[in-house]
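Here are my notes for anyone opening this structure for the first time. Have the model on screen and follow along point by point.

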Amino acid sequence: MTDKIPYRQAIARQPDALEACLAAVSKRLEAIDVAPISRGTTVLAGIGASLYAAITAAAQMRAQGLRAFALPATDLYDAAVNPGDAYIAFSASGRSVEPARAMELRPTAATYGIAKADDTPLSKVVRHMISTASGDDSGPNTTSYLGSLLSAALLGDKAGHSTKTRWAALPGAVQALLDTVQPAADRAARLLAGRTAIDCVGAGCALGTAGYAALLIREAARVPAQDWDTLNFLHGPMEPNDKATGVILFGDAREAKLAQDLPGFGIPTVLITGRTDIADAANRVVIPVPPYAPGIGDAILQAVAAQLLIATLSEEAGLPVCEFRYRQTDTKLKEG
């Protein structure tokens, strides 16, 4: 069992964690039958940050020609309802009650588990276990979240149309981002400091990133935050926003137009994007993230930028160490 390490330390070790994950998962996938994922409908399930990993992964799989969708693990508690031909459970620790319960209720199904270690409670209730081997993690999750995304990307490349992405270069791309993006992340954190609520907005794989960022903001900075699909955000959810709130946008398409409109309404806005034609302005900070690979590749890098922004945001709020105030006793399974 790995230990929790400080948030900043965990962010910094992600290139090494991704390198270890790539080696371990690539080897494991050589022995795993993915035919049920290739030929049928796959349900990806998670809870907490792992639900957002599932949302990102499902969007990626659909782009690769696979029938896939994500659900909160609790939506699978009715064993009489089986919406999928295959099931993938995401759990960073491998100990979350809900994904394990959802798989346990389907003993004859084609089930897969993704967690940071092999010998976990989740491994006992799935047919195929994939360890991300991502090592030490923080609370909130950092290394395990990126490890889940990379594992899903490798699984998708085997089961669906390969993206031909050079995943071996990903750790270096993350390191390059860590070396350069902190000043922009700090400007964004200062813009969002003191906001009463923050909306996180994205589409496709970036919707999962938006959900992950919103959860990090709630956990680390203790600010109410919510995730939205980009086009859904246009249909009313943006109405409460004003100068007292903030918005973080992930993407290059309609998000860019929002990044031009929202500041004009006086709403502090951060755009995390691969585009280079939009600059900082009044009420707007742009965090440039060089494109790596459409889908999960870009989602991993944009998640790192969000992690850095939120690290500074929490530190500016006097919360440099994330300590959960409201620990629950029934959300994790015991080891062994």
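1. The residues lining the largest pocket split into 14 nonpolar, ten polar and 14 charged. Here Ala, Val, Leu, Ile, Met, Phe, Trp, Tyr, Cys and Pro count as nonpolar, Asp, Glu, Lys and Arg as charged, and the others, Gly among them, as polar.

2. A word on what you are looking at. This is a predicted model, in which local features need pLDDT of at least 70 and side-chain atom pairs count only at pLDDT 80 or more, while totals for chains, interfaces and linings use all residues. Residues are numbered from 1 along each chain as its sequence is written, and side-chain values use heavy atoms, with hydrogens and water left out.

3. Back to the largest pocket. Its volume is about 1,200 Å³, and 38 residues line it, with Pro140, Glu219, Phe324, Arg327 and Lys332 lying nearest its centre. On a 1 Å grid over the protein atoms alone, a pocket is an open set of points with protein on both sides within 12 Å along at least five of seven lines, a cavity is a set where a 1.4 Å probe fits but cannot get out, and lining residues have an atom within 4 Å of a point. Grid points are joined across faces, edges and corners, and a volume is the space filled by probe spheres set on the points.

4. Which helix gives the most to the lining of the largest pocket? That is helix 9, with three residues. Helix 1 (7-12), helix 4 (49-63) and helix 9 (205-221) each supply at least two residues of that lining. Helices (H or I, at least four residues) and strands (E, at least two) are DSSP runs, numbered from the N terminus.

5. Now the second largest pocket, which holds about 240 Å³ of space. It has 14 lining residues, and Ala203, Ala206, Phe250, Gly251 and Asp252 lie nearest its centre. Helix 9, helix 11 (254-261) and helix 12 (296-316) are the elements giving two or more residues to this lining. By class, the lining of the second largest pocket has six nonpolar, four polar and four charged residues.

6. How many cavities of 30 Å³ or more does a search of the whole structure find? It finds one. The largest cavity has about 50 Å³ of space, and its lining is Asp252, Gly274, Val289, Pro290, Pro291, Tyr292, Asp298 and Gln302. Sorted by class, that makes four nonpolar, two polar and two charged residues. Asp252 turns up in the lining of the second largest pocket and in that of the largest cavity.

7. Next, look at strand 4 (residues 110-115). Six of its six residues are buried (under 20% relative accessible area, against over 50% for exposed and in between for partly exposed, with a 1.4 Å probe and protein chains only), so strand 4 is largely enclosed by the rest of the structure. Ala110, Tyr112 and Ile114 point one way from the strand, while Thr111, Gly113 and Ala115 point the other way. In a regular strand the side chains alternate between the two faces of the sheet.

8. Strand 4 has neighbours to check too. Strand 3 (residues 86-90) runs parallel to strand 4 and is joined to it by five bridges; two strands pair if DSSP finds at least two bridges between them. Alanine 86 has alanine 110 as its bridge partner in strand 4. Strand 5 (residues 128-131) also runs parallel to strand 4, through four bridges, and methionine 129 in strand 5 stands opposite glycine 113.

9. Strand 3, helix 5 (residues 97-104) and strand 4 form a right-handed β-α-β unit. Right-handed here says that, with the strands pointing away from the viewer, the path from the first strand over the helix to the second runs clockwise.

10. The loop between strand 5 and helix 6 deserves a careful look. Proline 140 is in this loop, and the peptide bond from glycine 139 to proline 140 is cis, with omega near 5°. Glycine 139 is partly exposed, with a relative accessible area of 24%. Alanine 133 lies in the loop as well, and its phi is near 55°, a positive value in a residue other than glycine.

11. Last, helix 6 (residues 143-159). Of its 17 residues, 16 are buried, so helix 6 is largely enclosed by the rest of the structure.
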